[in-house]
Amino acid sequence: MKMNPCLTVNRGRHRCNATILLCLFSMLLAVMLQRNCATEAFILSNPSGHINNWHHPLTLKSSLSETENVQVANVNNDNDDIDDDMSYHGDISVESYEHKTFKKLTYLYKKASPGREGDRPIILIHPVGIGLSSWFWKKVMMQSFTTNSEDEFGNDYSYNNSRIKSGNPPIYAPDLIGCGIDHGGDAWNPNENGLFFPLGWVEGVETLMNDVIIPRWYDEQNNGKSASLSRFFGVGQSNQNNGTSNSNGDGAGCLVIAQGGLAPVGIMLAHRNPLHVQNLMLTSPPTYDEITTPIPESELRTNYDFLRSPILGNLAFAALENRAIIEFFSNLFLFDDDCDEEWLDETERESRYVEARTPVQVFNAGLLQHRSLEGELKELVQSVWVVSGEGDKRVLDRQMYRDELDKCTLTSIGGCNVLPWENAAGVVELIKKLGY
C-alpha cells in the first residue's frame, strides 16, 4: 500500500521511537487523528526554556471559551518582497490581506472571466508539507472551466442566464498561515503567536472569504452599491438570476476544495459558514475512521517535540528538503507516474526558507486530528464530494463517508494521491458537474 510522506496526504497514526531512522520515517507519515473532545490543539512555544518538561510544549486548550470573531482585514499588497498584484502565472496573480496580527497573508487569485463575475467563487485549500503552498493548485487554476450552466440539481447559476459558461469563475487559493513564504507572506513564529489547530488556519481563510472574496464578488456585479450579501449567499436563498429556489436546501455560496490531510480545515470551514459555503469537495482525504479517531495526546507531544528539536528535527528537515529526496518520496508515495520537474521546482522554492518548516511541524505532529470531527461532518448542510485517485489503495476505506453522511458523493478519477496536480483536468470536470 502506498503511504504518503510529509508532502501531502495522511495515512494513519504513526509512533516515533528512539532511533533516528524510524523518527525520520515517522516524520514522513503525515498522520493526523483527533481527540474526541471540545478542544482545539493550541501551539505556543516558549523560547526561554522548558514547560511541562518540553522543549517546545504542546498544550490543549478549550476553544469554546475563546472569542472566535474573525478580525476585519483589508486587501493589502504592500510588501517589499513582491510587487503589488504580482503576476504569478499568466492571469493568476499573488495578492495579500491582513488577518489579526499577521500583516500579510498571501493568496493566488484568478479573476473571473468576462460574463462570469457573478458566478460563485471557488476556494482551494492546499496541502501542508515540505515545500508546499498554494502553488499546488496552479494547474487547476489554469484549466478551462467552460461548461454547461446547470449544476447537479438542474439550477442555472450563469451570470447572463445562457446555457454555456465560457472562461472561469473567480478562483482563490489562500496560503495557510505560515505557508507561502516564497510568495511574500508572513512567516509564523510559534514563540510569538499561539494558534489553535485546525481553527487557526480556518480563521485565516474566513478572513479572506468575509473581507475579500465575498465583497469583491458583490462589487463586481453591483458596482459597489450597498445591499445585503445574504441576498446572494446563503442556505435556502433563491437564485437571483432566474428566481428559482434551491429545493435541496443548499445556497448559492462558494465551493471549498481541500486536499489530503487538510480535510479538517475544509470540514470546519463548511461547518462554521453554512451561509457562504455551498459545496465541499475533499480530494484524497483521510479515511472516515481516521478523521473521527483522535491521536492520543502523548503521541502528539512526542511527535511535536521531535519535529521541533534543534538537532534531530533540523537534521530530518535538512534531509527531506533535498531535491533528490523529494523526488524519491513523491514518486514512491504520491504519484501514479513519476513527478514532473515543475513539481520539484516549486517544492524547492518554498522549502529553501527555514521559516516554512513551522506549519509542516504542526501538520506532521498530528495536530489537525487531535480530536474527532464526526460531529461537524454529520451536521454539515452542504453536499460533500469525496474524490479518490484510481491508484489510491484507500478507495474502499472511504466508503464510510457515504454510509455516514446524508449528502455525500464518492467518485474516483485517474491519479493517486495528488489529484489536483496529477489530473487537474479531471478535478475541473468534477467542479463543472457542481455548476461552477
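Which residues in H8 meet which residues in H9? I took this up first, working from a predicted model.

**Entry: H8 and H9**

I looked up the H8 side of the contact and found Arg 323, Ile 326, Glu 327, Ser 330 and Leu 334. Across from them, H9 contributes Glu 341, Trp 343, Leu 344, Asp 345, Thr 347 and Glu 348. I sorted the contact by class: four nonpolar, two polar and five charged residues. Next I checked the geometry. H8 spans residues 323-334, and its axis lies 10 Å from that of H9, at an angle of about 125°. Angles over 145 degrees count as roughly antiparallel and 65 to 115 as roughly perpendicular, so I logged H8 and H9 as oblique to each other. Their crossing is right-handed.

**Entry: burial in H9**

I then went through H9, residues 341-351, for buried positions. I noted Trp 343, Leu 344, Glu 346, Thr 347, Glu 350 and Ser 351. These residues sit on the same side of H9, because they cover an arc of only 165° around the axis. Trp 343, Leu 344 and Thr 347 are buried and also meet H8.

**Entry: H6 and H10**

I turned to H6 (residues 297-308) and H10 (residues 357-365). Their axes are 8 Å apart, and the packing angle is about 155°. I therefore recorded the two helices, H6 and H10, as roughly antiparallel. H6 passes H10 in a right-handed crossing. From H6, I listed Leu 300, Asn 303, Tyr 304, Leu 307 and Arg 308. They meet Thr 358, Gln 361, Val 362, Asn 364 and Ala 365 of H10. By class, I have five nonpolar, four polar and one charged residues in this contact of H6 with H10.

How values were computed. Residues numbered from 1 in each chain as written. Predicted model: local features only at pLDDT ≥ 70, side-chain atom pairs only at ≥ 80, totals over all residues. Heavy atoms only, no water. Buried < 20%, exposed > 50% of the residue type's maximum accessible area, 1.4 Å probe, protein only. Helix = DSSP H or I, 4+ residues; strand = E, 2+ residues; numbered from the N terminus. Arc of directions from axis to C-beta. Axes fitted to C-alpha atoms, helices over the stretch in contact; angles between N-to-C directions. Parallel < 35°, antiparallel > 145°, perpendicular 65-115°, else oblique. Left-handed = near helix turned anticlockwise from the far one by under 90°. Contact = heavy atoms within 4.5 Å. Nonpolar A, V, L, I, M, F, W, Y, C, P; charged D, E, K, R; others polar.
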